[in-house]
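Hi,

Here is the structure I promised to pass along.

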Amino acid sequence: MSSSSVRVKLLFFAKSRELAGKSNVEDFLVPRAEIRCSELLDLICNQFNLSIIRNNLILAHNEQYCDDLSETIRIHNGDELAVIPPISGG
């Protein structure tokens, strides 16, 4: 397991964009290359004021949904992470 941090692009959509106050972060630092999805989501929520909607967010890594938050993923420099709240219809 790598202990070196990686830099990724972070994208926010809809309510997460509103709460974070920005649509993206070009240079978000993830503490290590292998990380559990839930830990990654917690890290993002804590840093960008998203804790209020934490349980309703979907995380995507390079346009692939992280369906299982207990899953460990491998992240590389330059990867893209997207924070996606549920889309409400009406």
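For the charge count, Lys and Arg are taken as positive and Asp and Glu as negative, while His and the chain ends are left out. On that basis the protein carries 9 positive and 12 negative side chains, and the centres of those two sets sit 6 Å apart. Bear in mind that this is a predicted model.

Now the fold. The protein has 2 helices and 7 strands. Reading from the N terminus, the order is β-α-β-β-α-β-β-β-β.

On overall dimensions, the C-alpha trace spans about 45 × 25 × 20 Å along its principal axes. The radius of gyration is 12 Å, which agrees with the value near 12 Å that a compact globule of 90 residues would have.

If you take the contacts between residues at least 6 apart in sequence, 61% of them link residues at least 24 apart.

You'll find Asp67 in the loop that runs between strand 5 (64-65) and strand 6 (72-74). Is Asp67 buried or exposed? Its relative accessible area is 74%, and the cut-off for exposed is over 50%, so Asp67 counts as exposed. Asp67 and Cys37 are 30 residues apart along the chain, and their C-alpha atoms are separated by 9.1 Å.

Cheers

Terms used. Residues are numbered from 1 along each chain as its sequence is written. This is a predicted model: local features need pLDDT of at least 70, side-chain atom pairs count only at pLDDT 80 or more; totals for chains, interfaces and linings use all residues. Side-chain values use heavy atoms; hydrogens and water are left out. Helices (H or I, at least four residues) and strands (E, at least two) are DSSP runs, numbered from the N terminus. The radius of gyration is taken over C-alpha atoms; the globule rule is 2.2 Å times the number of residues to the power 0.38. Contact means heavy atoms within 4.5 Å. The place of a charge is taken as NZ of Lys, CZ of Arg, CG of Asp or CD of Glu. Buried means under 20% relative accessible area, exposed over 50%, partly exposed in between (1.4 Å probe, protein chains only).
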